[in-house]
Amino acid sequence: MRSVKSTVANTFRLSGRSRRSEFIFYWVAVAAVGMIPFVLHEAISYGGDIGRSVFVLSAILLIPFPALLVRRLHDQNRSGWWAFAWAPAVLTGIVKSGEPIGLALGILVGLGNLLVLAFLLWPGSTGYNRFGPSPRANVNSSFPPKACRASRMRRNLEAVDQYC
């Protein structure tokens, strides 16, 4: 639950790093909440169209996703610009929603989604990187750079190799 709160709290924060668990728990929560309209529709079974309510709910739940994707890329020491690999899938979903798409476009969308999923599930870099401290580490964010500078001055490099 803490991971979901962290994702929602950092909806518009593109700096820093996020753990894999933050993505996984957020996606599970989105899937669970996304099923609510279908369950309510079946319970009430009035026969109406729920397409619009599902679309609105999906749009609201996906608002934090781009920032989460950028923070996951930062955790792997990649630029946030790699998030644009997801753009063909999103644009195709918006433009061609409800229409059949061609084979080539379908393959492009599928590859874009697989690339994004790989980025989201790929392990992050260990220790400190150019985007900040590891979200798995339980250290102060200013610790690794100071330790790196101090160790270089003392020529004791193996003590902090994992952070530098």
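**Entry 1**

I began with two residues: Arg-72 and Asp-75 are both buried, where buried means under 20% relative accessible area, exposed over 50% and partly exposed in between (1.4 Å probe, protein chains only). Salt bridges that share partners join Arg-17, Arg-72 and Asp-75 into one network; a salt bridge is a side-chain nitrogen of Lys or Arg within 4 Å of a carboxyl oxygen of Asp or Glu. I noted that the model is predicted, that local features need pLDDT of at least 70 and side-chain atom pairs pLDDT 80 or more, and that totals for chains, interfaces and linings use all residues. Residues are numbered from 1 along each chain as its sequence is written, and side-chain values use heavy atoms, with hydrogens and water left out.

**Entry 2. The salt bridges**

How many salt bridges does the structure hold? I found 3. Side chains of opposite charge can pair when their charged atoms come close.

Arg-72 and Asp-75 meet at 2.7 Å, N to O. Both lie in helix 5, 3 residues apart, which is about one turn of the helix. An α-helix has 3.6 residues a turn, so residues three or four places apart point the same way.

Arg-17 also pairs with Asp-75, with the closest N and O atoms 2.9 Å apart. Because Arg-17 lies in the loop between helix 1 (2-9) and helix 2, and Asp-75 in helix 5 (residues 65-75), this pair ties together parts 58 residues apart in sequence. I read 8% relative accessibility for Arg-17, which counts as buried, and 3% for Asp-75.

Arg-71 forms a salt bridge with Glu-22, the closest N and O atoms being 3.2 Å apart. Arg-71 lies in helix 5 and Glu-22 in helix 2, so the pair ties together parts that are 49 residues apart in sequence. Arg-71 is buried at a relative accessible area of 0%, and Glu-22 is buried at 8%.

**Entry 3. Helix 2**

I next checked the length of helix 2 (residues 20-34). Its 15 residues should span 21 Å at 1.5 Å a residue, and its end C-alpha atoms are 21 Å apart, which agrees; the expected span is 1.5 Å times one less than the number of residues.

Which residues of helix 2 are buried? They are Glu-22, Phe-23, Tyr-26 and Val-30. Seen down the axis, the buried residues fall within an arc of 95 degrees, so they line one face of helix 2.

**Entry 4. A nonpolar surface patch**

I recorded a nonpolar patch on the surface, with about 870 Å² of accessible area together; among its residues are Ile-24, Phe-25, Val-28 and Leu-103. Patch members have over 30% relative accessible area and no salt bridge, with like charges joined within 9 Å and nonpolar side chains (Val, Leu, Ile, Met, Phe, Trp, Tyr) within 5 Å. Helix 2 and helix 7 (103-121) each supply at least two residues of the patch, and the largest share, 6 residues, comes from helix 7. Leu-103 is in helix 7 and, at 69% relative accessibility, counts as exposed.

**Entry 5. Phe-131**

Where is Phe-131 placed? I located Phe-131 in the loop between helix 7 and helix 8 (143-154); at 22% relative accessibility, Phe-131 counts as partly exposed. Leaving aside neighbours within four places in sequence, Phe-131 is in contact (heavy atoms within 4.5 Å) with residues including Gly-16, Arg-17 and Arg-78. Phe-131 and Arg-78 are 53 residues apart in sequence and 9.0 Å apart in space, C-alpha to C-alpha.

**Entry 6. The chain overall**

The protein chain has 8 helices and 0 strands. Of its 164 residues, 31% count as buried.

Notes
Helices (H or I, at least four residues) and strands (E, at least two) are DSSP runs, numbered from the N terminus. The arc is that of the directions from the helix axis to the C-beta atoms. Accessible areas come from the Shrake-Rupley method with a 1.4 Å probe; for residues, only the protein chains shown count as cover.
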